[in-house]
Amino acid sequence: MTENAIELKNLTKKFGDFTAVDKLSLDIKENEIFGFLGPNGAGKSTTIRMLCTLSTPTSGSAKVAGYDLIKDSAKVREKIGLVAEKMIMYDKLTAAENLRFFGKLYAIPKQKLEDKIDELLELVNMQEWKHTQISKFSTGMKQRINVIRALLPEPEIIFMDEPTLGLDPQTTFSIRDITRDINKSDVTVILTTHAMIEAEALSDRIAIIDHGKIAALDTPQNLKNLIAESDTSVFGAKITNLTPKLIGKINSLDVVAAVAQQDDHNLKISANGTDALNQIIDVIRLEGGNIASITNSNDSTLEDVFLAVTGKTIRDQANEKAAPTHHRHGQAPKARIR
Ligand SMILES: Nc1ncnc2c1ncn2[C@@H]1O[C@H](COP(=O)(O)OP(=O)(O)O)[C@@H](O)[C@H]1O
Ligand SMILES: [Mg+2]
């Protein structure tokens, strides 16, 4: 029987009047790779910080590795490792010296620590860099050391907060491989990311979070199936003379749940009902829009799911240069897939 590695019950974090994490309730199974997917500011890091005992919940509770987060926080700390958003590393020290420094903080016995350092360097293919100063490392190499640092105390659960943020594609792939290897050695992995591809590539299950709340939670495949089974469709429309006014008109249709602008010509439109496509085409024509193409992809992507459940594309907030999404007066999206 599989136990739960983590159980959240109404876990909440407020900063003054602002609610960053809003009554999160969910279970994460032992040996699962569980992904929190959400835009910047969704509350991912705040959740991780609470689960790692670095930040006290405002209300609600959680069990981590069977221990109560608040009553047994010292026990929780013994069971977990954290790869934080910001790397903590001493540039003037070598890889081994860095790992030794942190190993001593965990009070790992000397010989055991030396063996562990070798084992972990091997895990990430960094043996030959053992005695090299961190300052000579690329960001990707530093991140590999950062990841294994979290494994020194042999945690049952490892938290990885945006582990591939800012890394080049090759390093990103290698960090993903390492993450899978860690998981194969019976470690539960909790991962946060704002990259759909990352969430999909790694996670057994994904919680899409937005404004501190769960918008959807399931396996990547089931999330995508949700769209296929619902009366929600996500259309891709290429309009050669796209204007904000036209986008507003499309968005004001009752059948339309959300419109997200991809670039100068392309929209993603999440809509409900069988007549949605006709109405969308009609309003575009009526407003003088030139339709170059409209597609209704049966093969929905996680991005489509995200749009349908949150009413926006993840890029809107992850990348400030991206065009804004046009919301219907701040209402929740009308997608009927929950
Ligand atoms: N210490 C803090 N004080 C005030 N607001 C905070 C603090 N930490 C985070 N926040 C706010 O809480 C929200 C969630 O932040 P965070 O958990 O870092 O999001 P994510 O990791 O999903 O990008 C953001 O709006 C952020 O500005
Ligand atoms: Mg974060």
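**Exercise 1.** Which atoms of glycine 43 and ligand 1 lie 3.0 Å apart?

*Solution.* Start with glycine 43: a polar backbone atom of this residue is 3.0 Å from an oxygen atom of ligand 1. A polar contact is a pair of N or O atoms within 3.5 Å. Next, take glycine 41, where a polar backbone atom is 2.7 Å from an oxygen atom of the ligand. Then take alanine 42, with a backbone N or O atom 3.1 Å from a ligand oxygen. Finally, consider the area: ligand 1 alone exposes 560 Å², and the protein buries 58% of that. Accessible areas come from the Shrake-Rupley method with a 1.4 Å probe.

The model is predicted; local features need pLDDT of at least 70, side-chain atom pairs count only at pLDDT 80 or more, and totals for chains, interfaces and linings use all residues. Residues are numbered from 1 along each chain as its sequence is written, chains are lettered from A and ligands numbered from 1 in the order in which they are written, and side-chain values use heavy atoms, without hydrogens and water.

**Exercise 2.** Which element gives the largest share of the shell around ligand 1?

*Solution.* List the residues around the ligand, including Phe15, Pro39, Lys44 and Thr46; a residue is near if one of its heavy atoms lies within 4 Å. The largest share, three residues, comes from α1. Helices (H or I, at least four residues) and strands (E, at least two) are DSSP runs. By class, the shell holds five nonpolar residues, five polar and one charged; Gly counts as polar, Lys as charged and Phe as nonpolar.

Definitions and conventions: Polar contact = N/O pair within 3.5 Å; in protein donor to acceptor, adjacent residues only side chain to side chain.
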